[in-house]
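Subject: Structure handover

Hello,

Here is the structure for you to look at. Please open it first, then read the notes below.

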2 protein chains.
Amino acid sequence: MSSNVNEQMLTLGTQRSVIRELFEYGKKRAAVIGEENVFDFSIGNPSVPSPDSVNAAVAKLLSTMDPILLHGYTSAQGDAEARKRIADSLNRRFHKNYSKDTLYLTAGAAAALCCCLNGLCNPSDEVIIFAPYFPEYIVFTKGAQAKPVIIPADTQNFQIDFDALKSALNPMVKAVILNSPNNPSGAVYSESTVKRLAELLDAKSKEYGHPIYLISDEPYREIVFSDTIVPFLPDHYRNTLICYSWSKSLSLPGERLGYVLVPDTVEDCDLVYAAIAGAGRSLGYVNAPSLFQRVCAACADETSELRVYETNKNLLLKELRRMGYHVVEPGGTFYMFPRALMEDDVAFAERAKAHDLLIVPGSGFGCPGHVRISYCVPTERIEKSLSAFEALAKECLA
Amino acid sequence: MSSNVNEQMLTLGTQRSVIRELFEYGKKRAAVIGEENVFDFSIGNPSVPSPDSVNAAVAKLLSTMDPILLHGYTSAQGDAEARKRIADSLNRRFHKNYSKDTLYLTAGAAAALCCCLNGLCNPSDEVIIFAPYFPEYIVFTKGAQAKPVIIPADTQNFQIDFDALKSALNPMVKAVILNSPNNPSGAVYSESTVKRLAELLDAKSKEYGHPIYLISDEPYREIVFSDTIVPFLPDHYRNTLICYSWSKSLSLPGERLGYVLVPDTVEDCDLVYAAIAGAGRSLGYVNAPSLFQRVCAACADETSELRVYETNKNLLLKELRRMGYHVVEPGGTFYMFPRALMEDDVAFAERAKAHDLLIVPGSGFGCPGHVRISYCVPTERIEKSLSAFEALAKECLA
């Protein structure tokens, strides 16, 4: 008998993500040669602990709150008080006046994106994605029965190739996914990039007679270097939906907590919010994890000690450039995206693996010829890895 | 401009679930007349706290485990050690020999069901659902692009109407969802029901040349009254997938923790498991909440103090029958499903609302003429509500 499961899901479940594959390989390799000898730059798992206030908030909630309420269902969009505290934090930081009802709490940014895409898209709608991109955007877009349309990378600056974008826009485009600070390039879209994008989308929305939504995936918003400024997109484009996660800023990737913000400037914001909530229901989310709704709300003004990522960036950037790597300087995140030193980035990443350097080929991010380095590791690990990077460079540049 | 969101999601997000609507109404009403005066029998939120071992496990994990690991990503299928402990618990209780790799941890049973349905079904596949049913089964099935096929209720015993099932079976049927102990009826499918179902599905699987999967939704497995026995379905039917949640047994519905068990007896179990994992990825789940993966694993042999539900069942059953209600005695859960005392169960539930009795019309469960009472409330609340039930009965039976 043939099992006849869904082939698309089987493929997703069999291939898994390149990043997670490397991560699993790293764990196995660590068991053999010791964790300190594997230079695992594969996954975006924060290397700094959550601030103490996170565990303190957990302890306080456990000791003061009725466990039936604390661990019970919340409203599907999230506990009202938690949403209020999160909205207040946003209002303080971005000078807004958002009500709690602009927020829909989710099980992380991945869930937030899936709720937006499933809520907005009809079959045959198109979703624009800029290379280099987080590969799950393709998975989530197809999961929403929509068609991903890739805009090739601007490999000079990792901003936007507007000519390519213009030729891709058409009336079937329902949404554009933006990710700044960007995974994998570390680039932050400048204010001029954002303004130009907003103007173009405004004009095209009018021309097509329906809004093109800007879905802004912002888990790295708080990880920004020196004087880089991340423009707050709703200030520039009214039909912006923000997908956020505390995975990186509070070092809680496993706990799955984030939100969709539907600003009241969004056209038909009530309908859009309702469609997102409907998608959450259809996808089986019920409510975001209840304890961590309150924990993240209590810690919404805080972050982990994020400075190490800038230290790592500076060290790695300087050393890699010295060794002959070509790297666009990241404005934030804990990623950089140097050019591979071989034509084939997959072969290059394989060669790096022989030095126990786990880096991710750019092809998986829609940008061949590059590799992603996740430097969310202790700084000593980076120091220790430099000889491996150097040996790799010598091998390839010889 | 027309926003043109996905209409199906908009409808889901606008109508929301009848149960959650009542729940929200109850919260608002409680703010007006006091919580103790609202007889909210609408939602399946456990009324007993988690066992102390849950909070103790949280505290221990926070104080002993590296926070970066504790709150970090786990493998997509769940932390290996947590899965091992959960498998061990199942093996002890059901005399099995399941490995950790039969388990895929999920954000609750809703996520587990969505992963199974999306992983198994191809468009135009059919999924059989027995009335009365948890209404989200329809939502989840449609969300997986499959077609729900409802088998009308056996209102005499809330077992299975096999004649109706036989006429519904056809080669497009990919799966059958079973929910025993049952929400909303409280019925437990007897061993003879299960055997008969297994024989029929075995025969039809052979006839059609592909397995019909039995998706067993078992969040109420541990809530069973007196000497009722819940047959362990994989002992009777090899192609059984179990969807479990700790929502009810450990009183953790808000935390979203459960699993899919893919027994190694399932045909092509590796492919089935991979398709389920692929679906989890496509739906944006990433991993089940990491802290509670370990908490539930540590407490997998335990339950909350569940006896109050049987106390409540006994009290309510005796009193409602005395007042003239017709009720099939539940074998488990914290629900009962009496006949409405008016022809129109929606009108009857509305009339109950005037007595501040919040009960859910059976129509929403595909079984008009009945109402669901969730007696997961303090026993005193039930005692206090009896006069309201009596007044309602007098009004209707006059």
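**What was found**

Helix 6 of chain A covers residues 108-120, 13 residues in all. From its first C-alpha to its last, helix 6 reaches 18 Å, close to the 18 Å expected at 1.5 Å a residue. Keep in mind that this is a predicted model. Helix 6 of chain A is also mostly covered, with 13 of its 13 residues buried.

**A sheet in chain A**

Next, look for the open sheet of three strands in chain A. Its order is 9-12-11, and the pairing is antiparallel. Strand 9 (335-336) and strand 11 (360-361) of chain A stand at the edges. Each has a single partner strand, so one side of each is left without a neighbour in the sheet. Strands of a sheet pair through backbone hydrogen bonds. In chain A, two bridges join strand 11 to strand 12 (residues 371-374). You can find one partner pair by name: A:Val360 has A:Arg372, in strand 12 of chain A, as its bridge partner.

The same surface serves both copies, as 100% of the contact residues of chain A recur in chain B.

The contact takes 86 residues from chain A and 87 residues from chain B. The size of an interface is often given as the accessible area lost when the parts come together. Chain A and chain B bury about 6800 Å² between them, and 53% of it is on carbon and sulfur atoms. Two salt bridges are counted between chain A and chain B. The side chains of A:Arg281 and B:Glu136 meet in a salt bridge, at 2.8 Å from N to O.

**One residue in chain B**

Now go to B:Leu233. It sits in the loop between strand 6 (213-217) and strand 7 (240-245) of chain B. Is B:Leu233 buried or exposed? The cut-off for buried is under 20% relative accessible area. B:Leu233 has 4% relative accessibility, so it counts as buried. Leaving aside neighbours within four places in sequence, its contacts include B:Leu178, B:Val194, B:Leu214 and B:Thr240. B:Gly254 is 21 residues from B:Leu233 along the chain, and their C-alpha atoms are separated by 27 Å.

Best wishes

Notes:
Residues are numbered from 1 along each chain as its sequence is written. Chains are lettered from A and ligands numbered from 1 in the order in which they are written. This is a predicted model: local features need pLDDT of at least 70, side-chain atom pairs count only at pLDDT 80 or more; totals for chains, interfaces and linings use all residues. Side-chain values use heavy atoms; hydrogens and water are left out. Helices (H or I, at least four residues) and strands (E, at least two) are DSSP runs, numbered from the N terminus. The expected span of a helix is 1.5 Å times one less than its number of residues. Buried means under 20% relative accessible area, exposed over 50%, partly exposed in between (1.4 Å probe, protein chains only). Two strands pair if DSSP finds at least two bridges between them. Contact means heavy atoms within 4.5 Å. Buried area is the accessible area (1.4 Å probe) that two parts lose on being put together, summed over both. A salt bridge is a side-chain nitrogen of Lys or Arg within 4 Å of a carboxyl oxygen of Asp or Glu.
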